[in-house]
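Thanks for coming, everyone. Please put the structure up on the screen, and we'll walk through it together.

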Amino acid sequence: MTSPRRVQAPSGGWQVLVQDQDEDPAQQISLVAGKALATSSTQKRRWEHNGVSVHHILDPRFGLPADDIWRSVSVAADSCLEANAYSTAGVVRGFTAIQWFRDLGIAGRFVDRQGRVVLTGMWPQDIGDRERAAGVNVNG
């Protein structure tokens with residue numbers, strides 16, 4: 001098996017639009033070389049079970065879909081594996097994920113059921129939004 005070819009990041013980093021569904025708030029960020037981004041969503045991969053709409057992210061404590069407090073959780077990290085693990089854990093932990101991410105310094109973007117955005121760590125503030133400053137690069 002051959003290793004994947006490494007591609008040089010463009011000047012200013014990779015430009016990434018962070019948005020789950022069309023109706024969700026969008027934000028374009030610059031992702032520097034060597035960093036990764038993952039988003040976990042409760043809005044996609046849904047189906048009906050016994051008349052109830054459920055999604056695919058399970059809470060391991062109960063073996064049932066996690067409460068869909070967050071429409072999506074996005075995380076920037078050193079690897080896709082790490083970003084995906086934290087974004088999924090953010091969905092599972094619900095409201096408590098915010099403080100957990102803040103305590104660990106995880107760069108995260110949470111979108112709740114009403115489309116409100118909460119940022120943690122060094123996640124950048126979108127200049128046009130009401131989100132708080134996070135101190136890293138964003139294109140506005």
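I'll start with the overall layout, then take the sheet, the helices, the aromatic rings and a few single residues.

A word on the ground rules. This is a predicted model, where local features need pLDDT of at least 70 and side-chain atom pairs count only at pLDDT 80 or more, while totals for chains, interfaces and linings use all residues. Residues are numbered from 1 along each chain as its sequence is written, and side-chain values use heavy atoms, with hydrogens and water left out.

Layout first. The protein has two helices and ten strands. Helices (H or I, at least four residues) and strands (E, at least two) are DSSP runs, numbered from the N terminus. Along the sequence, the pattern reads β-β-β-β-β-β-β-β-α-α-β-β.

How much of the protein is buried? Of its 140 residues, 39% are. Buried means under 20% relative accessible area, exposed means over 50%, and partly exposed is in between, using a 1.4 Å probe and protein chains only. The accessible surface comes to about 8600 Å², and carbon and sulfur atoms hold 53% of that. Those areas come from the Shrake-Rupley method with a 1.4 Å probe; for residues, only the protein chains shown count as cover.

Now contacts, meaning heavy atoms within 4.5 Å. Take the contacts with a separation of 6 or more: 45% of them join residues 24 or more positions apart.

On to the sheet. It is an open sheet of four strands, in the order β3-β8-β9-β10, with antiparallel pairing. Strands pair if DSSP finds at least two bridges between them. Which strands sit at the edges? They are β3 (36-41) and β10 (117-120), and each pairs on one side only. From one strand to the next, the twist averages 15°. Angles run from 0 to 180 degrees between N-to-C directions; axes are lines fitted to C-alpha atoms, for helices over the stretch in contact.

Let's cross the sheet pair by pair. β3 and β8 run antiparallel, joined by six bridges. Here L37 has A76 of β8 as its bridge partner. Next, β8 pairs with β9 over six bridges, again in the antiparallel sense.

Look at β8 for a moment. Seven of its eight residues are buried, so β8 is largely enclosed by the rest of the structure.

What lies across these strands? Helix α1 lies across β3, β8 (70-77) and β9, at about 25° to β3. Helix α2 lies across β8, β9 and β10, at about 25° to β10.

Next, the rings. How many aromatic pairs does a search of the whole structure find? Six. Take Y86 and F101: their ring centres are 6.2 Å apart and their planes stand at 80°, so this pair is edge-to-face. The rule covers rings of Phe, Tyr and Trp (its six-membered ring): they pair if their centres lie within 6.5 Å, and planes under 30 degrees apart count as stacked, over 60 as edge-to-face and the rest as tilted. Y86 is in helix α1 (residues 80-93) and F101 in helix α2 (residues 96-104), so the pair ties together parts 15 residues apart in sequence. Are these two buried or exposed? Y86 is partly exposed at 25%, while F101 is buried at 0%.

Ring pairs also build a cluster from W70, Y86, F95, W100, F101 and F110. One of these rings has a charge over it: R93 lies over the face of W100, 3.7 Å from the ring centre. For that, NZ of Lys or CZ of Arg must be within 6 Å of the ring centre and within 35 degrees of the ring normal.

D67 sits in the loop between β7 (64-65) and β8. D67 is exposed, at 58% relative accessibility. D67 and F95 are 28 residues apart in sequence, with 9.9 Å between their C-alpha atoms.

A85 belongs to helix α1 and is partly exposed, at 45%. A85 and A38 are 47 residues apart along the chain, and their C-alpha atoms are separated by 8.7 Å.

R45 is in the loop between β3 and β4 (46-49). R45 is exposed at 60%. From R45 to H56 is eleven residues in sequence and 6.1 Å in space, C-alpha to C-alpha.

That's the tour. Thank you.
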